[in-house]
Amino acid sequence: MVKLDNLTVSYRQHPALHHISGEFARGSLTAVIGPNGSGKSTLLKSVMGLLRPEGGRVSVQVPSARIAYLAQLTEIDRSFPLSVQDCVLLGCWSAVGAWGRVTPALLQRVQAAVVGVGLAGFEQRSVGSLSSGQLQRVLFARLMVQEADLILLDEPFNAMDSRTTEALLALIHRWHAEGRTVMAVLHDDEQVRQHFPQTVLLARELVAWGDTASALSQPNLRRARALSEAWDDNADICHIGEAPAPAPALRRAA
C-alpha cells in the first residue's frame, strides 16, 4: 500500500526523518512509535503528501480520495462554528464535493456513524462545546463515513479517557478486519503490544520495522533512546545522498 524509499524529510535543512526505507503492506495494522521528536508525525504527513521530501520518495498505491488522515487534536481549531453533524458530513466530501447535494442516504450514513461512536443526540451540538474525548469520537465518526482504504491516525488516544480509548480501539480493529490499512502514531508501548501486530520504531532514523514483539525488544528501545539523545539539531546540514549503513538491530520486514 505504501512504500518509503530512502525518505529524508527536513525542517530548516536538518532532518526530521533520515533515510527511511520500508513498506506498509495492504491491510496491515501498524503502530509508529519512538521518543519525542523522533519523526513520527512527520512520517504520516509525508505519506499524506503534506510535506515534501528532501530526498527519497513516498509511493502510495491508492488515490488521495481514498486516504483518511486524523491530525492531532492540538492542530484542530475548535472555535470554528460547526455542528457535530456537519463535521461528520465532511467525511463525505469526496463523494459530494463543493456543490453536490447531501442525500438522505448520506445523512443516514452520518447518523449511523454518530450512533456508532456513542454520540446519539449530539448531532446539533457545536464541536467547540465538546470534551476532548467527545470531539475525538466525532472525528472517528467522520473517518467512518469516509470509508477510506488507507487511514492515518496521529496520536488518536492522547489525553483520552480509558472508555473512549477502548471504544476507538475497537473501531480500529474493525477497520483492520475489513482489510483497510491503518497507521497510528502512538506512545504507549503496552498498548502497541496488545493491539498492533506491526510496528515502526523511529528515532529520526529507522530503528526497527516488523512484527511488534521483535520491533519493541529491549535492545531496540535502548537504541531508539540513545539515537534520540545523540541527535544534534545544530549539526551540519544532512548530505541527502549519503544513507547510513544499517545497524545490526535494524529490521526492514513489511
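How many nonpolar, polar and charged residues are in the lining of the second largest pocket? By class, that lining has 8 nonpolar, 4 polar and 1 charged residues. Welcome to this structure, which is a predicted model. The protein has 254 residues, and its secondary structure comes to 9 helices and 9 strands. The points below go from the whole protein to its pockets, and then to a few individual residues.

**The protein as a whole**

- Buried residues make up 50% of the protein.
- The protein exposes about 12,200 Å² of surface, and carbon and sulfur atoms supply 50% of that area.
- Among the contacts with a separation of 6 or more, 72% are between residues 24 or more positions apart.

- The average pLDDT of the protein is 86, and 88% of the residues score at least 70.
- Where pLDDT is low, the predicted coordinates should not be read in detail.

**The largest pocket**

- The largest pocket has a volume of about 300 Å³.
- Its lining is formed by 17 residues, and the closest to the pocket centre are Tyr11, Ala16, Gly37, Thr42 and Arg204.
- Sorted by class, the lining of the largest pocket has 3 nonpolar, 9 polar and 5 charged residues.

**The second largest pocket**

- About 250 Å³ of space lies in the second largest pocket.
- This pocket is lined by 13 residues, and Ile67, Leu90, Gly91, Trp93 and Gln146 lie nearest its centre.
- At least two lining residues come from each of β5 (67-70), α3 (93-96) and α5 (132-146).

**Helix α1 and what follows it**

- The buried residues of α1 are Lys40, Ser41, Thr42, Leu43, Leu44, Lys45, Ser46 and Val47.
- Thr42 also belongs to the group closest to the centre of the largest pocket.
- Just after α1 comes Gly49, which takes a positive phi of about 90 degrees.

**Positive phi in residues other than glycine**

- Most residues other than glycine have a negative phi.
- His19 is not a glycine, yet its phi is positive, at about 55 degrees.
- His19 sits in strand β2, and it counts as buried because its relative accessibility of 6% is under 20%.
- Glu155 also has a positive phi, near 50 degrees, and is a residue other than glycine.
- Glu155 lies in the loop between β6 and α6, and it is buried, with a relative accessible area of 15%.

**Pro156, in the loop between β6 and α6**

- Pro156 is found in the loop between β6 (150-154) and α6 (162-177).
- Is Pro156 buried or exposed? Pro156 counts as buried because its relative accessibility is 0%, where the cut-off for buried is under 20%.
- Beyond its neighbours within four places in sequence, Pro156 is in contact with Leu70, Gln136, Phe140, Leu168, Val185 and Leu186.
- From Pro156 to Leu169 the C-alpha to C-alpha distance is 9.5 Å, with the two residues 13 apart in sequence.

**Val200, in strand β8**

- Val200 has its place in strand β8 (residues 198-203).
- At 1% relative accessibility, Val200 counts as buried.
- Not counting residues up to four places away in sequence, Val200 touches Phe24, Thr30, Ala31, Val32, Ile33, Leu206, Ala208 and Trp209.
- The C-alpha atoms of Val200 and Asp211 are separated by 8.9 Å, and the two residues are 11 apart along the chain.

**Glu190, in helix α7**

- Glu190 is part of helix α7 (residues 189-195).
- Glu190 counts as partly exposed, with a relative accessibility of 44%, because this value falls between the cut-offs of 20% and 50%.
- Glu190 and Leu216 are 26 residues apart along the chain, and their C-alpha atoms are separated by 9.8 Å.

Definitions and conventions: Residues numbered from 1 in each chain as written. Predicted model: local features only at pLDDT ≥ 70, side-chain atom pairs only at ≥ 80, totals over all residues. Heavy atoms only, no water. 1 Å grid on protein atoms, 1.4 Å probe; cavity = no way out; pocket = protein on both sides within 12 Å on 5 of 7 lines; lining within 4 Å. Points joined across faces, edges and corners; volume = space filled by probe spheres on them. Nonpolar A, V, L, I, M, F, W, Y, C, P; charged D, E, K, R; others polar. Helix = DSSP H or I, 4+ residues; strand = E, 2+ residues; numbered from the N terminus. Buried < 20%, exposed > 50% of the residue type's maximum accessible area, 1.4 Å probe, protein only. Contact = heavy atoms within 4.5 Å. Areas by Shrake-Rupley, 256 points an atom, 1.4 Å probe, with all protein chains shown as cover. pLDDT = per-residue confidence, 0-100.
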